[in-house]
Each structure stands twice: as structure tokens, then as C-alpha cells.
Amino acid sequence: MHTAKKYALRLALLCAAAASTGCDNLIQDIDVTLADFPPKLAVSASIDTDSGTFWLYFTEARSLSYYKMWQNERKKIIRKGTASLYEDDNPTPIYRIVDGGNGQGFDMSLRSGSESGFSVEHRGLTLKAGSSYKLTIEVEGYPTATATVVMPYPPAVEDMALDTEQKVWRRRPYIVNSGYGYSSDDNEFYPLNLRLTDGSRNRDYYMFRAKATTTYHHHYQGYDDVYDVATWIPVAVANRALIQDNPDLEAEELPLNAEPDVFLFYRMLISDMSFANATGAINLLLPEMYAKPTPPDLCDTASQPYEQTRTEIYISHLSPVTYEHHRSLMLQRNEVSFFTEPVSIVSNIENGYGCFAAFNTVRTTVQESCSCRKEPIYTIE
């Protein structure tokens, strides 16, 4: 039974026992002094060996006392400063951005959705396993925010194979979606089997993702038009032991009548709990609509439009703080109620809030297909 339901049941029992005095006697007003501290930076940053990617987002974090009097929530916040990324003890940063990259300053204004705060993505860095990376953000008006993380070693993946000869059918699929899961209609899958070796005595954490990229080739008046459409697709698993400490599933409130026989994740986090210090057999499933092999049609690709589809699996070895930060966010978002203890958000940002994460990612193509289109895409009148 979900935690909130357990406490609701306990409250009902307490109210029944206290019927003579009433439940009002269980309510007590508590004076809480509002926290008052200068604004700090709220930071979300990551480095990933896949494409040598550095991603950074930050904005202003305010205390409750900020709202004691009316304040403009969406006031403009532009500050001068520098964000730098260092490797090991090298005093020269491997990446630096000054004044937001435009000379005007970092625009950290709170707006709507993904438009709030300042963000930047940089690719092409050479990131090394075992190396230490330090992030420093010096922005006027705020304490200097710093964080350090060690790049994990690449996941030791062996014998990965997609079995397109054996289709698997599941009756009750469930998509796990960070506390907002729902039942799925995707009920036909192909097995994806691999072996993952855990060589560390410490707890290790991994993330699985999948992506299907379709390249469309059009022929138009003697010219070739080629473009890609990429889609992140779910990874499915039926073995609950493998996901026993998955933070997204832990935060889900499954319907009482739901008994899923397979769970689908767009980002599946696991630990080595079920194969610590050993080699574990990881048995996954890919939805048939994204992994079905398509035999090429008998057509002339030089003159007829055609499409090629490539399905890739991304397996990342995570820094431990990455897992712990995500888990605390999920529990805080979905498990906090009047009757539960507050969840402290795990942070490795000194003089700030948030997380600087590290991912060592290997990418493997598990399926490629090509098919020709019988009808022309362009009609010339």
C-alpha cells in the first residue's frame, strides 16, 4: 500500500478512537520562523562522454522571507560573471563562458517553463574516466558556487543482441514517468539481452535509454533532400529484481488494481544490487513498433524515396551523487504529504543548490533497417 494511503488509514483510526473529543484536538498551530538567507545559485549541470557534452543551467534561488512582502516573481535578473569547467589540477579551464556568451551578462530571469534561467550546451570535450572535474560559477551578487565530480569508468557491456525472431507479448504494460505513470498500449516487444560486469566493491549506478533515428531520403527535381528525425523510445523490463531500487518506480503510486507484467522507462536507472561484484544478465525489451526489422523493398534507391532507421541503446555509468540527487527529487515530488517527513534534496553544489552530474556513456546500434516508399513524397504539378 502506498505511504500516503497508510497514513490516511491511520488518521481514520485515530479519529474513530478520538470521537468523544473530536479530530479538531489533533490539530495544533505551530509558529514557524521564515528562513532568511541571501539569494544563492540553483545549479543543474552535467558532463557526458557521449559527444563530450557539457550542459549547464542555473538561476536564482530565493528564501521564503523573500515573499514576506509583495515581490515581482518574474523580475529581470541579468548579472555579469564567469562559469568555468576544470579538469584535474589544470589551472586552465577546458571550457569557460563569460557574461552569458554575449557580453551582456547571464540572463537568469524567471519566466515560464524551460525558458527560465540561463542554460548552455557545449559539445566536443575530451572527458576522461577517473579524472576529476570542477565546476565554478562566479556571478556578481551571489556566493561563488562550486562542485567537483569524478568521471566514472565506462560500463563493461558484453554480448548485446536484439532478438527479432522471437516476439514477446505482455498483457499489462506500464510506463513509469517520474511519478506520473500510466498504462500503455504497447504490448509487443523484441528481447534485448546483454551482460553487464560490475567490477567495483562500491555501489554502482547505471542508466539505460534507447533512441530510434529515421533518415529520410527524398529525390526532388534532381536534388537529394536528406534529413533525420530522432525519437527517444522506451526501454522495457519485466524482471522486478533489476529495478528494485529504481527511484522513478519507487515514487510511483500504482493503481490498486494494476499488476503490470512489464515496466517501460524512457530513462531507466538501476544499481548493481542484483549483480554486485559479478556479471549480470540484463534482459530488456524494446517495443515492436520501434525495433521491428523491415526488409528492403525491391526498388531503386537512386530514383525512389526511401528511409533508413537506426535503433541505438545508450548505457551510462553514473556518478553516485547523480542517482542520489534524482532519487531525492522523486521522493520529494511524490512522497511528501502532511503525514510524511520532508525529503532533503541531495546536493553537491557548495554555496548553492543542485547537482553536478557525470555520465560515462557507451552507445550501441542494435537494429538497422531500410525501406523504399512506393509513393513519391513530392507531387509536381
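## Basis of the model

A residue is called buried when its relative accessible area is under 20%, exposed when that area is over 50%, and partly exposed in between, using a 1.4 Å probe and protein chains only. This is a predicted model, in which local features need pLDDT of at least 70 and side-chain atom pairs count only at pLDDT 80 or more, while totals for chains, interfaces and linings use all residues. Residues are numbered from 1 along each chain as its sequence is written, and side-chain values use heavy atoms, with hydrogens and water left out.

## Salt bridges

A salt bridge is counted where a side-chain nitrogen of Lys or Arg lies within 4 Å of a carboxyl oxygen of Asp or Glu, and a search of the whole structure finds 10 of them. One of these joins D99 to K80, with the closest N and O atoms 3.8 Å apart. Because D99 lies in the loop between strand 5 and strand 6, and K80 in the loop between strand 3 (78–79) and strand 4 (81–87), the pair ties together parts that are 19 residues apart in sequence; strands (E, at least two residues) and helices (H or I, at least four) are DSSP runs numbered from the N terminus. D99 counts as buried at 15% relative accessibility, whereas K80 is partly exposed at 38%. Leaving aside residues up to four places away in sequence, D99 touches K80, G81, Q104, G105 and F106, where contact means heavy atoms within 4.5 Å.

A salt bridge also forms between the side chains of R123 and E121, at 3.4 Å from N to O. R123 is partly exposed, at 49% relative accessibility, and E121 is partly exposed as well, at 46%. In another bridge, the side chains of D272 and R203 meet at 2.8 Å, N to O. This pair links distant parts of the chain, since D272 sits in the loop between strand 19 (268–271) and strand 20 (279–287) and R203 in the loop between strand 14 (188–197) and strand 15, 69 residues apart. D272 is buried, with a relative accessible area of 1%, while R203 is partly exposed at 36%. Finally, salt bridges that share partners join D50, R310, E312 and R363 into one network.

## Aromatic rings

Rings of Phe, Tyr and Trp (its six-membered ring) form a pair if their centres lie within 6.5 Å, and the planes make the pair stacked when under 30 degrees apart, edge-to-face when over 60, and tilted for the rest. By this rule there are 9 aromatic pairs. The rings of Y205 and Y323 have centres 4.1 Å apart and planes at 15 degrees, so this pair is stacked. Y205 belongs to strand 15 (residues 205–220) and Y323 to helix 4 (residues 320–334), so that the pair links distant parts of the chain, 118 residues apart. Both Y205 and Y323 are buried.

Y216 and Y227 are stacked too, because their ring centres are 5.3 Å apart and their planes lie at 25 degrees. With Y216 in strand 15 and Y227 in strand 16 (residues 223–233), the pair ties together parts 11 residues apart in sequence. Y227 counts as partly exposed, at 36% relative accessibility. Elsewhere, F58, F106 and F118 form one aromatic cluster.
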